[in-house]
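My notes follow in the order I looked things up.

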Amino acid sequence: MRREPSPPGVPSLPGLFRDPAPARAPASALAPAPRRQGVLALATPAAAAGTETALAIVPPPVRRRRLKGGTFGALDIGSTKITCLIGRADSAGNIKVIGHGWQRSRGVRAGGIVDLDEAERTIRAAVGQAEEMADHRLRSVTVGLSCGQPESRIFNVRWPVGGQVVGDADVRRVVSEGRLRAQTEGRDLVHALPLTFAVDQTTGVDDPRGHHCEQLTARLHVIDASTMALRNLRATLARCDLDVATLVSTPLASGLSVLTEDERELGATVVDLGGGTTQIAVFGEGQMLHTALLPVGGLHVTKDIAGMLSTRLESAERLKVLYGNAELSAEDEREYLPVQLIAGEDDQFARVPRSMIVGIIRPRLEETFELVRDRLDGAGIGLAAASRVVLTGGASQLDGVPELAARILGRQVRAGRPGRITGLPDSASAPAFATASGLLAFAAGDGQVLPDIDFNEPRPPGLMRRVVGFLRERM
């Protein structure tokens with residue numbers, strides 16, 4: 001079936017690897033960190049006070065990231081719009097967008113597919129628009145994940161090496177063990193991202209290959225989501241003749257798009273204010289350390305305005321975009337705005353002060369940032385998220401939002417826009433397109449640890465098959 005054309009990602013601490021298992025342990029050990037209300041609690045830098053590593057004050061060098069060459073497709077299925085980008089990366093690490101398309105979202109609510117037919121038609125239109133511009137047919141796409149109530153956890157996984165040199169098979173094996181043991185009934189793993197490795201007592205190893213050790217330890221950031229939600233997502237894309245190349249957590253994609261290299265290394269939190277959800281991603285040492293999703297976004301602000309003023313959703317959205325503000329000014333009391341009321345067949349209008357619009361918007365945004373603050377405080381991530389917050393997403397474009405966020409979160413706040421990608425039109429360079437840009441960057445290899453190793457390779461289930469696989473890799 002042919003598609004129809006469109007219509008006119010915490011500092012590594014010694015305390016994290018205390019009490020290692022004895023050398024040549026007969027089996028791997030997995031130690032999940034404690035969780036609080038579905039959000040993982042990580043050790044804070046204070047836990048390492050008094051150790052030699054904690055005394056180091058020289059920041060690590062910024063990691064250079066090499067991107068894969070070729071042509072890639074990215075698909076962001078959001079609650080307000082569906083975006084498709086086609087880009088090409090060169091060996092120098094530059095990504096240029098050669099095709100783009102987006103449509104108003106239909107059949108999607110809070111990032112999940114609620115109407116297969118409507119979602120299929122909208123995805124086809126967005127993808128067809130991008131394909132026509134790029135003159136390139138997509139067979140697979142990197143897809144952003146915001147459905148299925150994704151959850152974030154941290155695991156420590158140990159694997160015996162027996163004094164030999166660590167190779168690709170050992171790295172793949174320790175990550176595969178983490179994936180197997182992190183599986184939960186009714187949920188599928190989306191990411192098992194290695195944050196850091198340890199070879200015996202040496203911690204903070206980015207790439208353990210080539211090291212001799214008795215025991216290899218990996219610290220993994222695991223993200224999973226509802227199995228049924230992911231099946232519906234894949235089924236919808238299959239109806240569009242598209243395969244899923246990779247599923248990527250949308251907060252991770254947003255962070256890759258809007259954060260600078262220094263922010264990703266030294267620590268920053270991305271808050272993506274989307275239409276149906278608000279997503280959080282904490283970065284440090286170049287990796288995403290924690291993620292969370294809140295079921296509130298810009299559409300809730302629009303519905304608040306529509307309900308309080310008895311107007312249509314389209315009129316409420318227009319009022320929010322043109323006159324919305326998170327901060328009240330003296331002029332807002334004197335400026336009156338025409339509001340179309342819901343009154344049957346006849347159009348009726350009322351005049352309301354702009355201060356009333358601000359008075360409706362501000363409480364919802366305050367509630368949202370209070371929820372963000374509570375999630376960050378409860379995650380126990382310490383200094384990794386303490387210094388800076390970068391806002392992105394469509395709802396972040398309202399005037400006064402950064403100032404309001406700074407007061408409630410108690411952190412430095414700046415607005416983030418898609419970066420490090422060329423070829424985007426001005427209309428697609430707004431914060432609302434940060435996720436799609438980050439998906440394209442991830443498809444090219446950005447944000448991936450040891451991208452030359454396929455961590456998604458299926459491993460044989462069952463103890464005996466796993467033992468046979470291990471012996472085959474080691475002989």
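The model is a predicted one.

**Entry 1**

I started with the backbone. Most residues other than glycine have a negative phi. I looked for exceptions and noted two. Ala110 is not a glycine, yet its phi is positive, at about 55°. I found Ala110 in the loop between β7 (108–109) and β8 (112–113). Ala110 is partly exposed, with a relative accessible area of 39%. Glu285 is my second case: its phi is about 50°, again positive in a residue other than glycine. Glu285 sits in the loop that links β16 (278–284) to β17 (287–294).

**Entry 1: strand β4 and its partners**

Next I took up strand β4, residues 70–77. I then checked its partners. Strand β5 (residues 81–89) runs antiparallel to β4, and eight bridges join the two. They make a hairpin, with three residues between the strands. Within this pair, Ala74 stands opposite Leu85 of β5.

β4 also pairs with strand β9 (residues 140–145), this time in the parallel sense and over two bridges. Ala74 turns up again here: its bridge partner in β9 is Thr142. I also noted Leu75 opposite Val143 of β9.

**Entry 2: on to β9**

β9 pairs in the parallel sense with strand β14 (residues 243–249), over six bridges. In that pairing, Leu145 stands opposite Ser249 of β14.

**Entry 3: an open sheet**

I moved to a sheet of five strands. What is its strand order? I read it as β17-β16-β15-β20-β21, an open sheet with mixed pairing. Its edge strands are β17 and β21 (412–415), each pairing on one side only. Neighbouring strands are turned by 20° against each other on average, with direction ignored.

I looked at one pair in detail. β16 and β17 run antiparallel, joined by seven bridges. Ala281 stands opposite Thr291 in β17. The loop that holds Glu285 lies between these two strands.

α10 (residues 401–409) lies across β15 (268–273), β20 (388–392) and β21. I noted its direction: α10 runs at about 145° to β20.

**Entry 4: two crossing helices**

How do α5 and α11 pack? Helix α5 covers residues 250–258 and helix α11 covers residues 434–443. Their axes are 7 Å apart, at an angle of about 90°. Angles of 65 to 115 degrees count as roughly perpendicular, and α5 and α11 are therefore roughly perpendicular to each other. I listed some residues that meet. On the α5 side, Leu252, Ala253 and Leu256 are among them. On the α11 side, they include Ala434, Leu439 and Phe442. The residues of this contact divide into seven nonpolar, six polar and no charged.

**Entry 5: Leu259**

I then looked just past α5. Leu259 lies in the loop between α5 and α6 (261–266). Buried or exposed? Leu259 is buried, with a relative accessible area of 2%. I set aside its neighbours within four places in sequence and checked its contacts. These are Arg264, Ala268, Val270, Phe283, Val390 and Arg414. For Val270 I also noted the spacing. It is eleven residues from Leu259 in sequence, and 8.0 Å away in space, C-alpha to C-alpha.

My last stop was helix α8, residues 313–323. Which of its residues are buried? I have Ser315, Ala316, Leu319 and Lys320. They cover an arc of only 140° around the axis, which puts them on the same side of α8. An α-helix has 3.6 residues a turn, so residues three or four places apart point the same way. The face turned away from that buried side carries the exposed residues Glu314 and Val321. What covers the buried residues includes α7 (298–309), β18 (336–341) and α9 (354–379).

Methods
Residues numbered from 1 in each chain as written. Predicted model: local features only at pLDDT ≥ 70, side-chain atom pairs only at ≥ 80, totals over all residues. Heavy atoms only, no water. Helix = DSSP H or I, 4+ residues; strand = E, 2+ residues; numbered from the N terminus. Buried < 20%, exposed > 50% of the residue type's maximum accessible area, 1.4 Å probe, protein only. Arc of directions from axis to C-beta. Contact = heavy atoms within 4.5 Å. Axes fitted to C-alpha atoms, helices over the stretch in contact; angles between N-to-C directions. Parallel < 35°, antiparallel > 145°, perpendicular 65-115°, else oblique. Nonpolar A, V, L, I, M, F, W, Y, C, P; charged D, E, K, R; others polar. Pairing = 2+ DSSP bridges.
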